[in-house]
Structures are given as C-alpha cells and as structure tokens.
Amino acid sequence: MRGKDAPAVTVRTIDSLASKVVRECTNDELEAMSFDDRIRAATDFLMKEEWEDVEDLDHLVVDEVQDVVGVRADFVLALLHSMRRDAGATFLGDPAQAIYDFQIAAEGGGTSSADLITAIRSDGARDVILKGQYRANSRDARKAIALRQPGADEATSDDVEDYWDEVIHVGSVGEAWAHLATRGGTTAFLTPTNGQALLVARELQASGVHVAVQRGAQDQSLAAWIGVVMCSLPGNSVSMEAFAEALASADTSVNSEAAWRTLRSLAGARGRELDKVALATRLRGRTSYPPELWNPRGDQVVVSTVHRAKGLEFDHVVLVEFASGRGVDEDEAVRARTRFVAVTRARDTILRVLGPADRDVFQPKVRPPAHPRWVRAGRQTWQTFGFELRAGDVDFETPSGASEGIHELLQNPSRIGSEVRPEPCPERSSLKLPIYRVVAPDGDLGVTGESFGVDLVGRIRTIEKQRRGWPSLRGVSVAEVATVVDETLRFRLVPVITGLAEIEWRNDYD
C-alpha cells in the first residue's frame, strides 16, 4: 500500500471517513455528535451531493462487508451511489460470518448485512469466490472450515451444531489451560458476552496466567512509544534523525521510517522536521488512529467474545459455554453463524469447556448520566460485589496528585499485567462522587476520572446517608500503557486498567 509507484491509497474506518465528510461539509462540532449521528449526517451530505471530494475516488474497497449494518450500511450505499460512473468498487466479505445484525435488532430495525449485499449485487457487482484456505493446520481446524460447502453463502445450521457437539470437552477453564500451557502459540478463550469474558479472564489471572481481554475496534489506544519519544525530545520541533535515535532507545520493534512517515502525515509536516504541537493537536482531535500507531497486541492468551474475535486467528481456541445459557442466540441461523465464526478462529486445537458461574453477572439499566457496565450482584440483584473497569477510566486531563515520576513508573516493562488497587481518594472525592487513586506497589499510577465515578454511583448510589465510605476495588490489572494528549497539548503516559473489580466496602470515611 506504500509502494512509490502505486496510486494514492487512503485506509480509513467507516466512522473516520464519515467524520471527514461531516467536517468538510459543516462547521458543526463533531465532539457534540455521537458516532452514529456523524454517520447519519455524512449519509445525508452524500445523498444531497454536498461532499465534493467524492469525485476524486477512483476505487472503493470495503473489507468485512458482512459486518456493515444499520447506519453504516446506509452510508456505504450512499457513498457507492455518489461515486463517478467510471469509478470501481470491491467488497470483501463472507456471508457465513454475518453476526452483527443483532445491533440493528436492538435499535428496532435497519439495513441488515444481507440487505446491503443484495443491494450491491443488484447494482451489478460480480461474485468472485476465493478457494483454498491458509489458516487451518490440524484435521479439526480444516473440518471446521469445510462446514461451508464450496460456493455456498453459509454453512447449514445442522452441520455447525453437529460439529460443535463433537468438539472435545475437557472440563473447566483451568483444565483447558493445563492442557494447553505447555504448547506453543496463541490461545483464545471465546465467550458469548463481554461479562462472561471478564469472568474467564479473572479466573485465569487468579491462576497466575497473564491474559488480555480483547477490546472493541473503537477502543484502540495510542502506542506507549509515542509518548516516550515525544517526552524525551526537547523543544517543539523534532528532526527525523533525533526521532529515529529516541525511538531506537524506546522500542526497537517499531519501524522508524514507517512511524516517522505516519506521524509526519498526521501533523501535516513536510521535509525532515516535525512540529510536536501540530502533532499533539491532530492526535487530540481524532477519534481513530492509523493502525501503525496502535498499541501492539502480542498477547499469548486472549479472552474475547466471539464477535470481537472476528477476523482474528489463534493457534488454540477454547469455546467457553455457560450453564446459564446467556448470550446464546435462540435464532437457529444466527447461532449457527456465530458458532461458525468461533470454530474457524483456530489453526490447530479446538476445545470446549464449562465456564464459571455467571448467574449473578449482568449489565443493569441505569439512569443518565451514568452508563451501563457489567456488575456482579449478590443474592439480591441490588447488591454489588463486582464492577467493571474499562479503558479510559484513568484521568489524564488534570494533574493526578499521585506520586512523582509516573512517566518513569509506567515505562517499567513488568508493568503490563501487574495488579493494581484502586483506593478511594478522600482529598478528591465527595459524598456524591468517588475518585480513586490507582495504587501499585512502587507508587501511584494516576487517578480515575469523573465518568467512572458517575457510572459507579449509578449502580451503588451515593454515600450521603450511609455510615460507610466509598468501597475499595480489587482484582484489576494494567492491560497496557498508552499515550494520550491532555488539554494543554502535552504528551503523557497513562495505564489502561481493565477487569471486573471486586468491591470491598469500608466501614469508615476519612
């Protein structure tokens, strides 16, 4: 894609392209609009022929087209119909893996993946079937891929269910890991829901396994090396030579030339100099980043929902079932597509296990301004013994008030996967809103933001009329260290804290 003789190619997410359309067609503030609202506005501009740059598109390539549903499907169709008649389009996808229609069902309807593919075909698209496979190495993995007959859009429900039932059941999550721990390669534990994924991750972590919970595509964070490099270079102007030298000291796995090109392009720079303020401004104003700037995910053990594992592959896959049956679709066709996706993630080993009890783990409805999170309830549903922490919960806009040298603490290679203890911060908390210090054995790593406190209060209420303080939190760890740009346009490192935290109530409030 970066060949010198190749025509200009731009790689964007649908959301990023829609934001570009809106930005160029109106002066409205994007930050005030949700992602879906931006896409609806962009679709409207395309249909009104108000986006002039569409005339410059020679060819449109849409990957994983079976995952494009709802307002995003409408946007793609509007874009296709707005392009020049001599322009081309290629849509890559697999109808057998169309598992995102649940999103439009939750919204009360919309354009499904089947609707989109039918519309594309009716516009004259020609089907090209790619034969052969490159993923499967074992007999079981090859048999999973062969569930769909050549030329068929989908595997039959009966065939998928029969294959699923034949997968070897090895007992529990721990027993599966004991079986796979001595084998090389990557392992994925796949669950129906995110809450179940958090439960499985906690069980593995309790056994000393370093595990990562797969996040959504919109939850990607900026790589730590960006903050390390930019903080190490004085002044506002950075030369290519100084950048390469600083990067070599920070992370030798990153291609210096590719990283420089990407950052320079983002900053709108030319030549051999890069303006740090311009780069910071562009990074802070973006809602998505080029993949070259993402934090790398080289985790050996991953816990993920089937939906978030789409497009990924692992050496070993463990299919985690739950006695509650939660998350398993009752629609036979939808369940078959989801399970087909799950079993075709493996290169070699496919196992089946019974997951931990999940009866008390759910995502309750809350009143605005709080947002729903996964919780672990007690015998009464109003009781709360576990609460989800997410990427973005650590505040980076205001001085943390934590120990000096946070930047240096976060550069410790052993930081990833280490456990931290969120403790109430009396100096910053009130009776209506808790703020937590993120405590590590060697120092504080930051504080939580107000949005986390609002969501927690939305579940456990305030402590105004209680004779106890805010609870402590246990059982969460540093998933990764990320780069952020604060409101003063400074580059900073922050810990990304995730997990289903155990709640420990205090009997006093300082």
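Colleague: Is Leu489 buried, partly exposed or exposed?
Modeller: Partly exposed, because its relative accessibility comes to 30%. Keep in mind that this is a predicted model.

Colleague: And where is Leu489 found?
Modeller: In the loop between β18 (476-485) and β19 (491-504). Leu489 is not a glycine, yet its phi is positive, about 65 degrees.

Colleague: What about Arg461, what's its phi?
Modeller: Positive too, about 70 degrees, and Arg461 isn't a glycine either. You'll see Arg461 in the loop between α17 and β17 (472-474). Arg461 counts as exposed, because its relative accessibility is 52% and the cut-off for exposed is over 50%.

Colleague: Switching to peptide bonds: which residues does the cis one join?
Modeller: Pro368 and Pro369, with omega at about 15 degrees. Pro369 belongs to the loop between β11 (361-362) and β12 (375-377).

Colleague: OK, rings now. How many aromatic pairs are there?
Modeller: The count is 5. One of them is Phe243 with Trp260, a tilted pair at 5.4 Å centre to centre and 50 degrees between the planes.

Colleague: What does that pair tie together?
Modeller: Phe243 sits in helix α11 (residues 240-250) and Trp260 in helix α12 (residues 256-267), so the contact links parts that are 17 residues apart in sequence. Phe243 and Trp260 are both buried.

Colleague: Which ring does Arg468 lie over?
Modeller: Trp505: Arg468 is over its face, 3.7 Å from the ring centre. There's also Arg38 over the face of Phe35, at 5.1 Å from the ring centre.

Colleague: Last topic, the strands. In which sense do β1 and β2 pair?
Modeller: Parallel, over 4 bridges, with β1 covering residues 59-62 and β2 residues 88-91. His59, for instance, has Gly88 as its bridge partner in β2.

Technical notes
Residues are numbered from 1 along each chain as its sequence is written. This is a predicted model: local features need pLDDT of at least 70, side-chain atom pairs count only at pLDDT 80 or more; totals for chains, interfaces and linings use all residues. Side-chain values use heavy atoms; hydrogens and water are left out. Two strands pair if DSSP finds at least two bridges between them. Helices (H or I, at least four residues) and strands (E, at least two) are DSSP runs, numbered from the N terminus. Rings of Phe, Tyr and Trp (its six-membered ring) pair if their centres lie within 6.5 Å; planes under 30 degrees apart count as stacked, over 60 as edge-to-face and the rest as tilted. Buried means under 20% relative accessible area, exposed over 50%, partly exposed in between (1.4 Å probe, protein chains only). A charge sits over a ring if NZ of Lys or CZ of Arg is within 6 Å of the ring centre and within 35 degrees of the ring normal.
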